[in-house]
Each structure stands twice: as C-alpha cells, then as structure tokens.
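Please look through the structure shown here before reading on. The report is written for someone who is meeting this chain for the first time.

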Amino acid sequence: MGLDFKTIPMELVINIANIIVLFVILRFLVYKPVKKFMDKRSERINQELVDARQKHDEVEREQHELTQTLAQQEKDALAVMKEKQAVALNQADAIIQNAKAEAESILKTARQQAELEHKHALMDLKDDVAALSVDIARQLLKREIQNEDNDKIVDEFFNEVK
C-alpha cells in the first residue's frame, strides 16, 4: 500500500463520512432508545422510592395512632377496673353491713326469746312454789286454804325472796 496524497484526502473524507453516518445511525438506533429506557427506569425507581417513603410514613403514622389507641385503651381499661373494684368494695361493704344488721337482729331476737323463756320459767317456778307451799301449808294446817289466803302467802313469799 503506498501513500498517495491524492487518494488520502478522499479516503479520509470517506472515512469521516462513514464515521458520521455510523454515529448518526448509532445515535438514533442505539443511544436514543437506551437513553429513553434508562430515563424511564430512573423515573420508575424514583417513583418507587417516593411510594416507599409515602408507605413508610403512612406505616409510621398508623403505628403512632395504634400506639396512642392502645395507650388510651389501657387507660380506659384501668379506669373501668378501678370503677368495678370500687363497686365491688361498695357491694362488699353493703353485704357486711347487712350481715351485721342481721346478726344484731338475730341476737336481739335470741335475747328477747331467752328473756321471755326466763320469765315463763320464773312464772312456772312461782306457780310450782305456790302449789307446793299450799300443799305444805295444807298438810300443816290440815285444812283447806282459800284462794285469797293462797295468793297472800305466795305474794309474801316472793316479796321475801326478792
């Protein structure tokens, strides 16, 4: 291959023209579609990042709301528990007061019953003593004592005993 200055510029021009044609073809066929694909991909990634941030923010907000709701529910449950405990204590106090009142009533009734039985026993004893006294006096006197005499003797006896 020999160098001929007349042919070099033409070959050089053809080579430059080939490079320019190749550049234009590559630019339209390869570079623009690849650039368009890369731009779309970049936009999609950016949009996914924005969506992910929005979802993350939404999840954090919901988590915060749930935490607040849970705290409020715990407070409400504690208040209800305290209220129920107070009601239970009041009911227990009422039951105890009723039981005490009932016990006092039973004791009072029992005392009254015992006092009544004591009085009946004393009256029965008085009648028995009177009858026995009358029998003793009758045997001593060997005569019939009148009811008036009997009552007088009994009253005198119990006046002495008291």
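What follows describes the helices, the surface, the charged patches and the salt bridges in turn.

This is a predicted model, in which local features need pLDDT of at least 70 and side-chain atom pairs count only at pLDDT 80 or more, while totals for chains, interfaces and linings use all residues. Residues are numbered from 1 along each chain as its sequence is written, and side-chain values use heavy atoms, with hydrogens and water left out.

**Helices and surface**

The protein chain contains 2 helices and 0 strands; helices (H or I, at least four residues) and strands (E, at least two) are DSSP runs, numbered from the N terminus. Helix α1 covers residues 7–141, and helix α2 covers residues 147–161.

Of the 162 residues in the protein chain, 4% are buried, where buried stands for under 20% relative accessible area, exposed for over 50%, and partly exposed for values in between (1.4 Å probe, protein chains only). The accessible surface of the protein chain is about 15100 Å², and 60% of this surface belongs to carbon and sulfur atoms; accessible areas come from the Shrake-Rupley method with a 1.4 Å probe, and for residues only the protein chains shown count as cover.

**Charged patches**

Patches are made of residues with over 30% relative accessible area and no salt bridge, with like charges joined within 9 Å and nonpolar side chains (Val, Leu, Ile, Met, Phe, Trp, Tyr) within 5 Å. Lys and Arg count as positive and Asp and Glu as negative, whereas His and the chain ends are not counted; the place of a charge is taken as NZ of Lys, CZ of Arg, CG of Asp or CD of Glu.

A patch of positive charge on the surface brings together Arg27, Lys32, Lys36 and Lys40. Arg27 lies in helix α1, and Arg27 counts as partly exposed because its relative accessible area is 36%.

A negative surface patch consists of Glu148, Asp149, Asp151, Asp155, Glu156 and Glu160. Glu148 belongs to helix α2, and with a relative accessibility of 67% Glu148 is therefore classed as exposed.

**Salt bridges**

Side chains of opposite charge can pair when their charged atoms come close. The structure holds 4 salt bridges, a salt bridge being a side-chain nitrogen of Lys or Arg within 4 Å of a carboxyl oxygen of Asp or Glu. The table lists some of them, including the pair of Lys35 and Asp39.

| Pair | N to O distance |
|---|---|
| Lys35 and Asp39 | 3.3 Å |
| Glu48 and Arg44 | 4.0 Å |
| Glu65 and Arg61 | 3.5 Å |

Lys35 and Asp39 both lie in helix α1, where they are 4 residues apart, about one turn of the helix. Lys35 is partly exposed, at 38% relative accessible area, and Asp39 is likewise partly exposed, at 37%.

Glu48 and Arg44 are also placed in helix α1, 4 residues apart or about one turn of the helix; Glu48 is partly exposed at 46% relative accessibility, and Arg44 is partly exposed with a relative accessible area of 45%.

For Glu65 and Arg61, both again in helix α1, the separation is 4 residues, about one turn of the helix. Glu65 counts as partly exposed at 38% relative accessibility, and Arg61 counts as partly exposed at 44%.
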